Amino acid sequence: MAKKSVWSDNRFWQRSAAWITGFASILLIWLTFDTIPQITMGTDADLKQGVTKRVPGPTVINYKITYEMNAKRMHEIPVIGGMNAEGTSAFEEKELFFGRDDWSEEEASELLHLGKLGSQAKNCMDCHTLLGNGAYYAPDLTKAWLDPAWGPEGSMQAITGKSTKEEAMAEFLQHPSNYPTHARMMPNLGITEKEAHGLVAFLKHMSSIDTNGFPRNFGKIQGAVHGK
Amino acid sequence: MFEPFVDVVPSFFGWLNQGPLTMTIFLHTFIVLPMFWIYKQEKARLESEA
Amino acid sequence: MANNYLTTESKKLATWYFTFAAIIFGAQLLFGLVAAIQYVMPGFLFEIIDFSIARILHINALVVWMVFAMIGSVYWLLPDETGIETVGIGLGKLLYWVFVAAIVIVILVFLLVQVGPADQTTIWFITEGREYIEAPRWADIGIVIVVLGFIYNLYATGMKGNRSGIITVLMADMLAFAGIYLAGMGYTDNISVDQYWWWWVIHLWVEATWEVFVGAIAAYGLITMIGAHRKVVEMWLWIEVAMLFGSGILGIGHHYFWIGTPEYWWEIGALFSALEPLPLVAMFVHVLYDWGKMQGEQNAQGKEISVITNKPAFTWFVLNAFGNFLGAGIWGFFHTLPQVNLYTHGTQFTSAHGHLAFFGAYATILIGMFYLAVQGKNGIKIMKSTKKSIWATSMIVGGVMGMTIALTIAGYVQVLVSRAQMGATWAGYFDGQAGMWFAQGMDWRLLMGVITFVGFLILVADLLSIGKADHHER
């Protein structure tokens with residue numbers, strides 16, 4: 001009688017499937033325990049003591065944020081409060097946000113909370129992408145705070161008649177269809193002034209998250225390069 | 001021999017990530033090895049049934 | 001109903017689920033068309049049904065009709081597999097109506113209320129604003145209750161009746177499917193943590209538990225439609241489970257490249273998700289191999305007739321085997337490596353993959369289940385295709401393929417211009433959108449979308465009329 005092969009035996013495959021599924025699940029849970037602490041939001045104390053966090057605390061809105069190539073990581077990283085000798089955040093240089101650079105931890109958290117809730121309540125993610133996830137009908141917002149269009153050389157401050165980035169963004173968010181930039185416009189979503197301030201804080205905070213160099217080359221190349 | 005650590009926070013998995021294949025070879029080996037043991041057990045069972 | 005050949009309540013309930021699924025399928029395509037028109041004519045329904053609303057309805061209707069059809073499929077095959085009537089069928093019927101009512105309310109709120117103020121009442125009653133699972137929290141809780149009832153029915157029936165390999169896989173899979181949903185119900189101010197858990201729902205559904213569900217349904221289909229041997233089919237099923245979960249669970253890493261999570265996810269995501277197409281190749285080979293084998297066995301006995309007992313359903317099952325491999329496997333692999341994904345992430349490339357993968361992997365096999373239900377309901381022994389079934393299949397498949405290719409080309413120019421050259425800024429984004437390849441891609445997508453929709457209308461006409469055709473063997 002021919003010997004039965006293990007390879008065509010259901011029990012062997014059933015047990016293998018159970019083992020592989022179980023082990024992969026355990027690995028994922030283990031990795032989750034490793035990752036979640038790394039992406040937990042930092043605190044105001046971290047910023048003051050110069051501790052780099054992948055997701056900084058809400059008071060990061062008091063600091064100047066840029067996005068610079070890092071030689072060691074070989075991609076761009078958010079640089080908070082100016083750059084130190086190693087090419088990472090110095091946490092020194094402050095920047096006014098709606099006229100202040102002394103937002104307390106409580107105030108900044110409240111603003112960020114309002115902004116994050118607002119981003120969900122207005123379905124931002126169903127036109128825009130956040131951290132690259134969402135819909136593709138409108139620009140990615142991951143580093144929108146650093147977009148040259150909103151800076152002193154960009155057009156948005158002039159169009160909205162505001163003299164700072166945050167005020168221009170807040171004005172646009174409240175009355176988007178008053179400032180059409182393209183045939184494809186952002187609709188009026190009933191965003192209040194307070195909500196707009198929260199959303200801008202949310203955007204500024206998001207630009208300080210270490211996204212492993214996504215998006216590449218953000219805002220570095222400007223000018224007419226057309227795909228026609 | 002080991003690559004210097006570059007990521008923000010040092011961790012076990014970050015250390016395993018030494019090059020484009022190190023971690024995945026390690027994890028896949030861990031997944032596949034016990035299948036040899038399952039194989040042997042099932043083979044013994046089939047033989048005892050025959 | 002007068003001519004109802006169904007002898008079990010479980011199968012009757014399955015047809016209810018299938019009917020509602022088909023209606024929501026239509027809604028999905030309709031709102032997809034609205035969104036597609038807006039790409040071509042941005043003023044269309046502006047500030048009435050904005051793109052965001054059309055898209056919410058498009059993708060949520062997609063998820064809902066598939067979940068309905070999946071639950072329906074399980075109720076359909078339960079009596080066949082276990083040999084008994086489903087336990088707790090009364091509860092199942094009650095929960096069906098609760099589910100339908102909840103979905104109708106959620107859709108109406110999405111359509112009429114659309115957005116809310118930035119506070120928790122919006123999250124509880126209007127929208128959670130997180131792609132694919134926008135349903136407000138009250139509906140989340142309702143869905144969990146409904147699905148728990150369904151899981152109870154499945155477990156009680158599986159434990160009382162004959163628990164086949166297919167039922168065992170479904171019992172484990174459906175529990176994971178329901179449990180994972182809980183990961184997506186929370187709220188946090190930290191967008192990185194938010195997206196970390198959000199992907200547990202989205203990825204572990206569509207790239208793990210749903211795929212295993214498809215494996216189980218395909219196994220059932222092969223046994224019922226071509227008489228494949230259960231032992232062989234179930235062995236394949238276990239191999240597929242091992243490969244799907246082995247690659248799919250840690251394949252979640254390919255969503256953790258850029259959301260703030262550590263760099264080591266690059267490697268885990270790249271290599272595990274690169275293996276995800278393997279089980280899909282296996283499924284494709286398995287379906288075609290079994291078909292050839294059964295036909296060969298029959299031909300060897302001198303009988304030159306087809307072994308297939310349901311032509312249109314089997315057509316959709318074969319399309320599933322191919323579409324799953326092509327849409328989820330190939331189109332997914334295109335952009336799963338971090339070096340590529342750095343530039344393709346969040347472009348129409350993703351959208352192209354999404355369209356072909358959801359269609360190829362899930363829509364196809366669930367349409368196949370619709371046809372199986374029509375056959376059972378009309379007491380047909382061998383069901384043959386009609387002109388309508390062939391037209392519907394060709395137009396839907398051609399339309400979705402066409403949309404996928406158009407979106408891939410649009411994505412290509414977006415990757416080059418918006419990402420590689422311009423670095424993903426506001427200006428870069430709109431430069432990419434203005435590209436000729438992009439604009440024409442969107443025109444073609446709309447045209448192909450219309451073809452798909454017409455194909456869907458023919459499909460519905462066929463599902464309603466094919467049971468009465470007189471060329472079947474009864």
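These legends describe close-up views of a predicted model.

**View 1. The fold of chain A.** Chain A holds 6 helices and 4 strands. Starting at the N terminus, the order of its elements is α-α-β-β-α-β-β-α-α-α. The radius of gyration of chain A is 23 Å, while the globule rule gives 17 Å for 228 residues, so chain A is more spread out than a compact globule. The C-alpha trace of chain A spans about 90 × 45 × 35 Å along its principal axes.

**View 2. Burial and contacts in chain A.** Of the 228 residues in chain A, 50% are buried. Take the contacts in chain A between residues at least 6 apart in sequence: 49% of them join residues at least 24 apart.

**View 3. Helix H3 of chain A.** Helix H3 of chain A covers residues 105-121. Its 17 residues should span 24 Å at 1.5 Å a residue, and its end C-alpha atoms are 24 Å apart, which agrees. After H3(A) comes A:Asn123, with a positive phi near 55°.

**View 4. The buried residues of H3(A).** Buried residues of H3(A) include A:Ala108, A:Leu111, A:Leu112 and A:Leu114. A:Gly115, A:Lys116 and A:Leu117 are also among them. What do the buried residues of H3(A) pack against? In chain A, they pack against helix H6 (193-207). In chain C, they pack against helix H4 (120-125) and helix H7 (191-226).

**View 5. Where chain C touches chain B.** Here 7 residues of chain C are in contact with 10 residues of chain B. Helix H9 (residues 264-274) of chain C gives the most to chain C's side, with 4 residues. That side of chain C divides into 4 nonpolar, 1 polar and 2 charged residues.

Note on methods
Residues are numbered from 1 along each chain as its sequence is written. Chains are lettered from A and ligands numbered from 1 in the order in which they are written. This is a predicted model: local features need pLDDT of at least 70, side-chain atom pairs count only at pLDDT 80 or more; totals for chains, interfaces and linings use all residues. Two residues are in contact if their C-beta atoms, placed from the backbone, lie within 7 Å. Helices (H or I, at least four residues) and strands (E, at least two) are DSSP runs, numbered from the N terminus. Ala, Val, Leu, Ile, Met, Phe, Trp, Tyr, Cys and Pro count as nonpolar, Asp, Glu, Lys and Arg as charged, and the others, Gly among them, as polar. The radius of gyration is taken over C-alpha atoms; the globule rule is 2.2 Å times the number of residues to the power 0.38. A residue is buried if 20 or more other C-beta atoms lie within 10 Å of its own, exposed if 12 or fewer, and partly exposed in between; C-beta atoms are placed from the backbone. The expected span of a helix is 1.5 Å times one less than its number of residues.
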